[in-house]
There are 2 protein chains.
Amino acid sequence: MPKAPSRLPKAPSRLPDAPSSTPKPSSLPKPSSLPKPSSGRPPTLEDVAARAGVSRALVSIVIRGVPGASEATRQRVLGVAEELGYRPDGRARLLAAGRSRLIGVTLALDDPFHSDVAEGIYAAAESCGYQVVLSAVTERRRPQRAVETLLDYRCEAAILLGPLVARQALQELAQRLPVVVIGQPSNAPAADVVRVSDADGIGLALDHLVGLGHRLIAHVDGGRSAGAAQRRAAFRAEHRRHGLPGQPRVLAGGPGEEDGAAAARQLIEDGLPSAVLAYNDACAVGLLDMFLRLGVPVPGQVSVMGYDDSPVGRLSYRGLSTVSQDGHQLASLAVQRLVSRLAGSAPANRELLLRPALVLRASTAEPAGGRP
Amino acid sequence: MPKAPSRLPKAPSRLPDAPSSTPKPSSLPKPSSLPKPSSGRPPTLEDVAARAGVSRALVSIVIRGVPGASEATRQRVLGVAEELGYRPDGRARLLAAGRSRLIGVTLALDDPFHSDVAEGIYAAAESCGYQVVLSAVTERRRPQRAVETLLDYRCEAAILLGPLVARQALQELAQRLPVVVIGQPSNAPAADVVRVSDADGIGLALDHLVGLGHRLIAHVDGGRSAGAAQRRAAFRAEHRRHGLPGQPRVLAGGPGEEDGAAAARQLIEDGLPSAVLAYNDACAVGLLDMFLRLGVPVPGQVSVMGYDDSPVGRLSYRGLSTVSQDGHQLASLAVQRLVSRLAGSAPANRELLLRPALVLRASTAEPAGGRP
DNA sequence: CCACCGGCCTAGAGCGCTCTAGAATACTCT
DNA sequence: AGAGTATTCTAGAGCGCTCTAGGCCGGTGG
């Protein structure tokens, strides 16, 4: 017998102080739930097998739910597993299986749209038997770092939601594993893209505004944010297509409320259009707020449209009209695509373009003077 | 010789691969970065060992940066590793090491405060040689599920940021591994808590308002949200302490802007106080917005204070006065505590209480009639 | 000369799991 | 009956890594 003991001491080492703070933490109702609390480490397949009197392999079969065990044994093993509080060790599992069934996701923690998509990814991945590991991109944690973490976890595939990694790095990543970029076109030929057509979205928005009778429509863009360039270009194109007067009016904006607020000031100063289409909802809310503050009635004098249908605009009292991108659908499509890539099939088109939908609330109406 | 010392060298073990990843992980322009792309799977220790003509163990030693290899070999092995694009397999590593050096974090994706803390956790953990794995709590993904995922990853410790798991579950969890709950008192005796004192924060806020001359101060609470009960109670206590007239006025609110907006309506209907202290910034922004919409000047007629110092209130044009909780500090304290727990030491006090700070902006001022 | 170092390195046994072979038993089918 | 075919189960070889024990060196000191 080797000397395993050297391993053990670590875990139980904190036990001693628990009692010190509480007399006797016997709050566990069913003592059966922790039948082997003594052994510092969690129960393994081996433990379950021993207790159930079967082989490790059989337990593995039962736990994984694959065929190969009789109903009776299955029940018995499951019973023992539960009794011991057994939970498979993901790491070992992945190691042994040779594949991880892990989908890595990079995202920005503070973007509501990302949260929405992430939730969708969890749901979609789990229903395909995949797990999800999140890696956050923050101010101090560069996208590159987030991606490396994903690699260290040996993800089989990745979904990139965060601010883009550099083209070069993305291309390298995509050569190692299937990658789907959500929400923005990618310049790396090896990566798949699932996104909602910005051209369609902007088109829908302009159709709506023009349909209401607006002719003087400005766009507050997203600066260098994801998709901003596309939306800006689409705005210009739609502006032309609808035969609106003059040059398309595009103001420098950004992805935050403050950007919208600044643009509102600018608009008031330079002359109000009858409608404003913002880069995203936060930006639109900034416009809304500043207009409100400065006494410009919305939609009385100016109509405002957002983009993304994020929670900030959904608030009933704000009633922001917007263009909705179905985050859950994006997510599930992205996952599907990854799964089929992993299965070896190569989708015909690298880019999947979804159609957005209009969400009309109270921030848009006919222009002040009524329909011309 | 027993075994203890063998464990120590671990700490520096992250150092070695930090350099390896920082210098040129990203934009390897040299084709040498993909010398064996053909092999399909990523290179292993074995591959590096073979190529370098040494044993697996030696490579392991070098990669981990522990003593036991000559400088010459070290350089050579490092060279080969880089050439092959070797990255250690986290799963195998942790499996073999018997410990994961993983800190699990549950959080809500849509809470700006959580993002802030998460960022701090990343920073703090990485500087201690720990990795972080995030598990999101969403509408469809219950806290319990998030925690289970963490367990499956065999985290050594957990930080709970999300909506609370049930007392019972928390207690059980905390008995299995060190747990720190951030931001709210916990009723599970086994879990540590790191939080900012709500009593102090509310105290600071009331001191400020009373100092300005306010006497009629209402509180819009957070309903059943984290910390809401504490803040409510603190408000009542401070109200008494300052000898303010009448019963403390507490309105039912919630954690969202819509809750604040609803409360604003209510306040206008029932009679305005001279100042309102909201449960959090989002709620305060809702108040701000609705007051603005309904023509109640802030801070002209009513002063409004938030709590949390989240980005929504920071916007210059909103200028929300608030109480700041230092997320990064909370994070780093939580990590420190976890690390020392893992090292076997038991901190004297289970709860670490920080002091909040006042952030004064433009939403608070002397009451309408001036100082009484 | 033989211990007896200490520095560098390797062999080999796991970590907890999956998976391929194949053994053992039970159930057809001619 | 004997062969064929399931069905249920087990042995054992890894997955990529860490870590203990020990081997092999050249250099000291008795």
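I started at DNA strand C and found 29 residues around it, with Thr44(A), Leu45(A), Ser60(A), Ala96(A) and Ser55(B) the closest; near means a C-beta atom, placed from the backbone, within 6 Å of the strand. Helix H3 (56-64) and helix H5 (90-97) of chain A, along with helix H3 (56-64) and helix H5 (90-97) of chain B, each give two or more residues to this surface. Helices (H or I, at least four residues) and strands (E, at least two) are DSSP runs, numbered from the N terminus.

I noted that this is a predicted model, where local features need pLDDT of at least 70, side-chain atom pairs count only at pLDDT 80 or more, and totals for chains, interfaces and linings use all residues. Residues are numbered from 1 along each chain as its sequence is written, while chains are lettered from A and ligands numbered from 1 in the order in which they are written.

Next I turned to the two chains: 51 residues of chain B are in contact with 54 residues of chain A, contact being C-beta atoms, placed from the backbone, within 7 Å. H6(B) gives the largest share of the chain B side, six residues.

Then I looked at helix H11 (residues 257-270) of chain B. Its 14 residues should span 20 Å at 1.5 Å a residue, and the end C-alpha atoms, 20 Å apart, agree; the expected span is 1.5 Å times one less than the number of residues. What covers the buried residues of H11(B) includes strand E6 (217-220) and helix H12 (281-293) of chain B; buried means 20 or more other C-beta atoms within 10 Å of a residue's own, placed from the backbone. After H11(B) I found Gly271(B), with a positive phi near 115°.
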